[in-house]
Amino acid sequence: MEDAKIIRLFFERSQQAIAETDKKYGPGCHRLSLNILHNRQDAEECVNDSYLGLWNAIPPHTPDPLAAFLYKIVRNLSIKRYEKNCARKRNSLYEQALEELEPYLVSDSSPEDEIAAKELVRTVEAFLDTLDPENRVIFLRRYWFADSYGVIAGRVGLTEKNVSVRLTRIRRQLKAFLTERGILN
Amino acid sequence: MKTAQFSEALGRIGDDYLMEAITYRQNPAPRRRLTRALLILAALLLLTCAACAVGYFGWNEDLRHYLGISDNADELSEAVVMIGQSQTADGITVTMEQAFGDTHTVYILATVHFSEGIPLDCRTNIRPVLKNVDGGYTFACIDVDEEARTQTLMINIRSSNKKLIGRKMGLEFLGFRGGRDYISYSSNTWSFSFRLNYRDLSKAVPLDITLKDYLVRSVWISPASIILYIEGLPRELRRIDDFGLIMKDGSSPDIVKYQLIGDVPAGDVTPIYGMFPQIIDPGEIRSITVDGIEIPLP
């Protein structure tokens, strides 16, 4: 079903809206949440909470595109749940993805020296703009969606080894980009 | 910076990036190899034809002249996107030539060719309407070539808190009226759609300097614009009239101070926007001035 029709169902307060959302975006939402949480039950609950969030947000919102809006809710809720579970679970794909980034991001600057969160978003977007579409997708699939190398390789038509090499290069570029802009020392 | 901060910022990037990552599917491997082979062949052909390469990557001279870009400013070419789209109807050909910009500013150069019988001067306007992009914009006829029967148009769009770079923007030219009596010569619509895929050459400098009763958090400066991120401006004001740049040679470039353009931000940080009518070299900036206080830049 088209997004516009799904949104119309939300506006009509029809339960069918959730069913159609799940039918269209459920697999992607579950995979994203599972990548972060590494626990099927937690992921299931997060996705259901995300549908509830969507139900509460529409109306008044009319998200366009719906997919990005929904995935952002799923990611936020999953990360919150992940942080709660953090002490107990140390093996999710999300954590592996973050660990890869850490050596390229750690800085000894104090929080006072750091630019505001909004400006950091802008900087991240400026960095993404420097990448070609394929590398941008590889980077986001790894660090936004926490996809495994194998899943990314299948999506972009490269080998896992190639994806790994590309990600190493992109992380280096990211470090140079942030250093150049004074965000990292 | 902590990794979690980066992850949080990543979680708030624009929907365009996400949609690209969600919908992207590469061709299967064999076809990919063929594509690569074709790309290599195309690259070889380009290398053997220097004239072609210069033609493809070259500046539009009207754009360069309008922005005051010197002949050897090759580093700025990354901030240009070639559009090259053209449509003809009712004897009027509209061509979108090139766009130059940064994250919040874009200059788009277009030409309009008129067949014989249609009046030609800068009063005979063909007005654009923006699609998919929020922000203030101005539109000007900057040249008329009577021999070639062509008008050159400059469309400038700016937004202090919405990102223009990377957006797929739409421009529609609705109808055409001209002449002394403003007669309608065409009711056609010329529609264009293109992505602003140039590179932002901005530099960000964190400042965190308190002036009067507000805090200058940071400044972003590109060859085309400056944005000051100010915290603590009164909600009803949201403007700073006195800000500028001092270059290493002591000069101060003109700034068109548009202030806050776009939605009023939800938080307490206000982006104050200014545009340079003539392109500057951010590497040559000595300091910024805000409310009479000079702040040296590293």
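Q: What area is buried between chain B and chain A?
A: The size of an interface is often given as the accessible area lost when the parts come together. In this predicted model, the area buried between chain B and chain A is about 4,500 Å². Carbon and sulfur atoms give 58% of that area.

Q: How many residues of each chain are in contact?
A: On one side there are 40 residues of chain B, and they are in contact with 54 residues of chain A.

Q: How many salt bridges and polar contacts are there between chain B and chain A?
A: Side chains of opposite charge can pair when their charged atoms come close. Between chain B and chain A the count is 2 salt bridges. One of them joins B:Asp15 to A:Lys72, where the closest N and O atoms are 3.0 Å apart.

Q: Which elements of chain B give two or more residues to the side that touches chain A?
A: The helices are H1 (3–10), H2 (15–23) and H3 (29–47) of chain B, and the strands are E9 (203–211), E10 (214–221) and E11 (225–231) of chain B. H2(B) gives the most, with 7 residues. By kind, the residues on this side of chain B divide into 19 nonpolar, 10 polar and 11 charged.

Q: How is the second largest pocket lined?
A: About 600 Å³ of space lies in this pocket. Its lining has 29 residues, and those nearest the centre are B:Leu201, B:Lys203, B:Asp281, B:Pro282 and B:Gly283. E9(B) gives the most to the lining, with 4 residues. The lining residues divide into 15 nonpolar, 5 polar and 9 charged. Strand E9 of chain B is also among the elements on the side that touches chain A.

Q: Is the peptide bond from A:Asp64 to A:Pro65 cis or trans?
A: This peptide bond is cis, with omega near 5 degrees. A:Pro65 sits in the loop between helix H3 (40–57) and helix H4 (66–85) of chain A.

Q: What is phi of B:Arg149, and where is this residue found?
A: Phi of B:Arg149 is near 55 degrees, a positive value in a residue other than glycine. B:Arg149 belongs to the loop between strand E5 (136–145) and strand E6 (150–158) of chain B.

Key
Residues are numbered from 1 along each chain as its sequence is written. Chains are lettered from A and ligands numbered from 1 in the order in which they are written. This is a predicted model: local features need pLDDT of at least 70, side-chain atom pairs count only at pLDDT 80 or more; totals for chains, interfaces and linings use all residues. Side-chain values use heavy atoms; hydrogens and water are left out. Contact means heavy atoms within 4.5 Å. Buried area is the accessible area (1.4 Å probe) that two parts lose on being put together, summed over both. A salt bridge is a side-chain nitrogen of Lys or Arg within 4 Å of a carboxyl oxygen of Asp or Glu. Ala, Val, Leu, Ile, Met, Phe, Trp, Tyr, Cys and Pro count as nonpolar, Asp, Glu, Lys and Arg as charged, and the others, Gly among them, as polar. On a 1 Å grid over the protein atoms alone, a cavity is a set of points where a 1.4 Å probe fits but cannot get out, and a pocket is an open set with protein on both sides within 12 Å along at least five of seven lines; lining residues have an atom within 4 Å of a point. Grid points are joined across faces, edges and corners, and a volume is the space filled by probe spheres set on the points.
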